[in-house]
Amino acid sequence: MNRRPVGALPTGLLVLGAIYCLLPVSWVLISASKSPGELFTLGTLTPGSGLLENVRELNAYRDGVFWRWMLNSVVYAGGGALLSTLVSAVSGFALAKYRFPGRNLIFNVLIGGILVPSVVLAVPQYLLFSKIGMADTYWAVLLPQILHPYSIYLARVYASAAVPDSLLEAGRIDGASEGRLLGRVALPLMVPGMVTIFLFQFVAIWNNFLLPFLMLGDDGKFPLAVGLYSLLAAGANQPSLYNLIITGALLSIIPLIALFLTMQRYWRTDLSGGALKG
């Protein structure tokens, strides 16, 4: 078969986009390798010789508080993304496959919720959690992340395309309950969409700064974003902390890269793969 020639312009745009995305990561990697004396003396893209020393100093800083922040981020992002994915999948399936009064109204409200910036909701959420005494707790960061309108919207669109009505009807004829249809038929078919929702939510929560910044006062509960910001604020009086901040930023992207490399195999093109008939 004859292959169509690849256009130079689209290829060039893709290359420029890749450079644009990878350049900041490259800068962080190179800067993290510099010692405090090299950080402001060597060239921007000149590697240094202090990466291991920077990691050791970061590990020793305040008895390893960085790893506590890392663990907190894993709890917030992993727990929040998992709960949000389950809620979104069930809600999206219900909106796609069931007819009930107010269905369209609920969906329209969700669409409207997508248009509301999370920054607008951060202060009201803090006031509500403070009123019930849950501010400065792990739940104050986890709970607001569970219900995400855009994830429900994605789940509804994916369920509409991936779960055939005929398959559900066949399961009902065989005597399967609605819960069994959801768990044994619908959710296996929705796995690629659920993985997408999980990854989107994990990255969003991992990088979220404003909500934990407002909710938390105890730095032992900080996620990485807020913890590194506190280091940056302290670095104004202690320039030696800049190396720790850059090294911490480098280490903070490793779990995201590992997650994408691990979970990309779950993206399947076969929408009916893995389904079990109720």
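Modeller: The axes of helix α3 (residues 51-60) and helix α14 (residues 241-263) come within 9 Å and cross at roughly 95 degrees. Helices here are DSSP runs of H or I with at least four residues, numbered from the N terminus. An axis is a line fitted to C-alpha atoms, for helices over the stretch in contact, and angles run from 0 to 180 degrees between N-to-C directions. Because 65 to 115 degrees counts as roughly perpendicular, α3 is roughly perpendicular to α14. On the α3 side, the contact (heavy atoms within 4.5 Å) is made by L51, N54, V55, E57 and L58. On the α14 side, N243, L244, T247, G248, L250 and L251 take part. By class, this contact of α3 with α14 has six nonpolar, four polar and one charged residues. Nonpolar covers Ala, Val, Leu, Ile, Met, Phe, Trp, Tyr, Cys and Pro; charged covers Asp, Glu, Lys and Arg; the others, Gly among them, are polar.

The model is predicted: local features need pLDDT of at least 70, side-chain atom pairs count only at pLDDT 80 or more, and totals for chains, interfaces and linings use all residues. Residues are numbered from 1 along each chain as its sequence is written, and side-chain values use heavy atoms, with hydrogens and water left out.

E53 also lies in α3. Its relative accessibility is 36%, so E53 counts as partly exposed, which means between 20% and 50% relative accessible area (1.4 Å probe, protein chains only). The C-alpha atoms of E53 and G64, eleven residues apart along the chain, are separated by 14 Å.

Conventions
Helices (H or I, at least four residues) and strands (E, at least two) are DSSP runs, numbered from the N terminus. Angles under 35 degrees count as roughly parallel, over 145 as roughly antiparallel, 65 to 115 as roughly perpendicular and the rest as oblique.
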